[in-house]
Amino acid sequence: MLYGLLVSLFIFLCILLILVILLQKSKSSMGLGGLGGSAQMLFGGSGGQDLFQQVTWVMIALFMAGSLMLTIMSSSKKSAMPSYKTQSAPVQPTEPIE
């Protein structure tokens, strides 16, 4: 139950991290950060790059801590998938062909 909730939160964090990285203004013309001047009006003359960078670093730290925590939790479990033991039927000896 707790493990599933943490995995869901981790996936949500990954999606948010991707969006925040794409919203940052890059040095080239790629990315979503250069789509308009609304960020400059909202966050001031710098366009909020300092804010986006701080949020990105915090989210990266949460990503690393979450990865480590989920790895430790999954290794403490016996197995992620239940193992089913199958029993095979005993092999009947055959008569030699002459």
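Confidence, then. This is a predicted model, and the mean pLDDT of the protein is 77. Of its residues, 63% reach 70 or more. Where is confidence lowest, and where is it highest? The lowest is helix 2, residues 38-43, with a mean of 52. The highest is helix 1, at 92.

Next, the aromatic contacts. How many aromatic pairs are there? The count comes to one. That pair is F10 with F63, and it is stacked. The ring centres are 5.2 Å apart, with 20 degrees between the planes; the cut-off for stacked is under 30 degrees. As for placement, F10 sits in helix 1 and F63 in helix 3, residues 49-76, so the pair ties together parts of the protein that are 53 residues apart in sequence.

Are the two partners buried or exposed? F10 is buried, because its relative accessible area is 18% and the limit for buried is under 20%. F63, at 27% relative accessibility, counts as partly exposed.

Now the surface. Helix 1 runs over residues 2-23, and F12 is in it. F12 has a relative accessible area of 51%. The cut-off for exposed is over 50%, so F12 is classed as exposed.

F12 also belongs to a nonpolar patch on the surface. Which residues form that patch? They are I11, F12, I15, L16 and L19, and together they have about 460 Å² of accessible area.

Methods:
Residues numbered from 1 in each chain as written. Predicted model: local features only at pLDDT ≥ 70, side-chain atom pairs only at ≥ 80, totals over all residues. Heavy atoms only, no water. Patch = residues over 30% accessible without salt bridge, like charges linked within 9 Å, V, L, I, M, F, W, Y side chains within 5 Å. Areas by Shrake-Rupley, 256 points an atom, 1.4 Å probe, with all protein chains shown as cover. Salt bridge = Lys/Arg side-chain N within 4 Å of Asp/Glu carboxyl O. Helix = DSSP H or I, 4+ residues; strand = E, 2+ residues; numbered from the N terminus. Buried < 20%, exposed > 50% of the residue type's maximum accessible area, 1.4 Å probe, protein only. Phe/Tyr/Trp six-rings, centres within 6.5 Å; stacked < 30°, edge-to-face > 60°. pLDDT = per-residue confidence, 0-100.
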